[in-house]
Amino acid sequence: MSLEDTPEEIATPAPAVGRISARAVLFTLVAVALAVAAITLYAVPVWAAVTVVVLLVALGFFARSGEEPARRRPASAARAGGRRRPWPDLGVKIVVEAIDEPCIVVDAGGAVRWFNREAASRVPTLKRGDPLSFAIRVTALLDAVDTVVALGRSETIEWLDKVPTERWSQAHFAPLYVPPNAADGDRPPDFVMIRIEDLTEARRLERMRADFVANASHELRTPLAAVTGFIETLQGPARDDARARERFLAVMAEQTARMKRLIDDLLSLSRVEMRAHLRPEARVDLCEVLSHVVDLVGPAARAQEARVEFSGCDAPRAVRGDRDELIQVFTNLVENAVKYGGDRIEITARDEGGHVAVAVRDHGDGIDPVHLPRLTERFYRAHAETSGAKRGTGLGLAIVKHIVNRHGGRLDIVSRLGEGSTFTVVLDRWGGGEVNKKQ
Ligand SMILES: Nc1ncnc2c1ncn2[C@@H]1O[C@H](COP(=O)(O)OP(=O)(O)OP(=O)(O)O)[C@@H](O)[C@H]1O
Ligand SMILES: [Mg+2]
């Protein structure tokens with residue numbers, strides 16, 4: 001479909017055929033008379049005949065070229081039922097085509113007059129000349145077109161589609177007058193331009209932000225309530241009970257440590273998010289990072305009677321990254337393996353093409369596959385029933401995922417119930433290629 005085409009132009013038969021034939025007959029008669037005169041007067045029949053033929057052909061072309069404007073002119077002023085049905089001019093069409101969101105132009109009667117490629121892919125049943133209601137069933141949107149035609153002012157509406165997937169949309173309606181300054185208050189607009197915006201992603205982010213605030217306050221409120229309760233007890237009934245005081249103070253220390261850890265994790269997450277687009281470029285030896293992590297997690301592992309085995313580091317394995325952040329990644333993974341895994345944890349580093357892969361494997365209970373897709377979400381815990389010191393904040397793997405993403409790396413999780421889990425981090429080797437992201 002070309003920008004100059006409109007259905008009427010295509011459908012309207014050429015109206016000026018009769019007039020053109022008369023003109024052609026007249027030209028033919030004149031040419032024949034000239035030929036006869038040439039033969040008689042100059043007596044060179046061949047050259048005279050050639051002259052006449054060339055003249056006739058030229059006249060024929062001339063007559064046909066005059067035909068086009070005559071055929072097209074009445075179509076642009078197409079009429080339906082005596083009422084003028086204008087079509088958007090080239091300028092409107094060019095603007096509509098240039099908009100990178102679905103955009104549809106309807107006339108004052110609600111018939112579709114023009115739409116762009118984005119509109120065609122969002123609403124495949126759209127057809128020029130059809131009423132808009134044939135293709136779109138959103139009542140609020142159809143009503144808004146009527147309102148804009150009746151009042152001649154812009155409108156905006158929002159709606160939610162539930163099928164095939166949940167999708168929030170917003171439509172902006174603008175009245176169009178031809179020419180642009182023709183709005184006189186009494187006249188309805190010639191067209192209404194509808195631009196449809198997809199709000200789904202914005203709504204998802206809004207919901208995520210709201211959930212995040214709700215989760216963070218909930219996580220803080222529980223230890224805070226415990227600490228407040230113990231303070232009241234110590235000020236009141238247990239004021240002179242030395243043994244109770246010792247016990248309560250220990251619990252209070254544990255709860256405040258939990259609050260501190262939560263706040264540290266939140267700050268860490270926001271720091272990584274703030275630098276998400278900045279790729280760390282330093283040379284880091286992963287083997288040095290891993291042995292540092294093994295030392296850090298050692299006491300916790302010994303307390304759980306877990307053995308940590310570490311292999312693949314006979315030589316340094318340099319990657320492109322940020323040392324502190326990588327320490328955070330592997331501390332989280334090894335801590336999880338100690339907390340949720342069995343008594344044996346294996347850490348293996350190996351080369352994988354232009355990358356270095358580090359796998360942290362445990363032989364614990366494993367994770368139910370239903371949890372796997374959500375494991376790296378903030379505050380998500382697969383073992384909701386876990387309590388006490390073992391109960392985490394659910395932020396560890398979210399931090400891991402953000403850091404790995406910032407490094408242009410990949411996090412793979414494989415887990416089988418009853419067999420344990422393997423968390424593998426793949427990073428660019430120093431001087432190697434880009435990691436092919438799966439997540
Ligand atoms: N190795 C593992 N084996 C079994 N389950 C695991 C393992 N690692 C993580 N999980 C599950 O994934 C959840 C999310 O882990 P994540 O590290 O994000 O949070 P957390 O350990 O609960 O808290 P945090 O790490 O912030 O202290 C955990 O609550 C646990 O249910
Ligand atoms: Mg954790």
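**Strands, cores and ligand shell in a predicted model**

Eight bridges join strand 11 to strand 12, and the two run antiparallel. The model is predicted: local features need pLDDT of at least 70, side-chain atom pairs count only at pLDDT 80 or more, and totals for chains, interfaces and linings use all residues. Residues are numbered from 1 along each chain as its sequence is written, while chains are lettered from A and ligands numbered from 1 in the order in which they are written.

Me: How many strands form the open sheet, and which stand at its edges?
Reply: Five strands form the open sheet, in the order 9-11-12-14-13 and with mixed pairing. Strand 9 (307-311) and strand 13 (410-416) each have a single partner strand, so one side of each lacks a neighbour in the sheet. The twist averages 15° from one strand to the next. Strands here are DSSP runs of E with at least two residues, and helices are runs of H or I with at least four, both numbered from the N terminus.

Me: Which strands does helix 10 lie across, and at what angle does helix 10 run to strand 12?
Reply: Helix 10 lies across strand 11, strand 12 and strand 14, and runs at about 25° to strand 12. Axes are lines fitted to C-alpha atoms, for helices over the stretch in contact, with angles from 0 to 180 degrees between N-to-C directions.

Me: Why is Leu290 called buried?
Reply: A residue is buried if 20 or more other C-beta atoms lie within 10 Å of its own, exposed if 12 or fewer, and partly exposed in between, with C-beta atoms placed from the backbone. Leu290 has 23 such atoms within 10 Å and is therefore buried. This residue, Leu290, is found in helix 9.

Me: Which residues does Leu290 touch, leaving out those up to four places away in sequence?
Reply: Leu290 touches Phe310, Cys313, Phe330, Ile347, Ala349 and Val358; contact requires C-beta atoms, placed from the backbone, within 7 Å. Leu290 and Ile347 are 57 residues apart in sequence and 8.4 Å apart in space, a distance taken C-alpha to C-alpha. Val358, leaving aside neighbours within four places, is in contact with Leu286, Leu290, Phe330, Ile347, Ala349, Thr424 and Val425.

Me: What makes a set of residues a nonpolar core?
Reply: The set must consist of buried Ala, Val, Leu, Ile, Met, Phe, Trp, Tyr and Cys residues joined through C-beta atoms within 7 Å. The largest such core has 36 residues, and Leu286, Phe330, Val334 and Val358 have the most contacts inside it. Among the elements giving two or more residues to this core are helix 9 (286-303) and helix 10 (323-340). Helix 10 gives the most, with seven residues. A second, separate core of 25 residues includes Trp114, Leu176, Phe191 and Val192.

Me: Which residues come nearest to ligand 1?
Reply: Of the 22 residues around ligand 1, Asn336, Ala382, Gly392, Gly396 and Leu397 come nearest; a residue counts as near when its C-beta atom, placed from the backbone, lies within 6 Å. Helix 10 supplies the largest share of this shell, four residues.

Key. Contact = placed C-beta atoms within 7 Å. Pairing = 2+ DSSP bridges.
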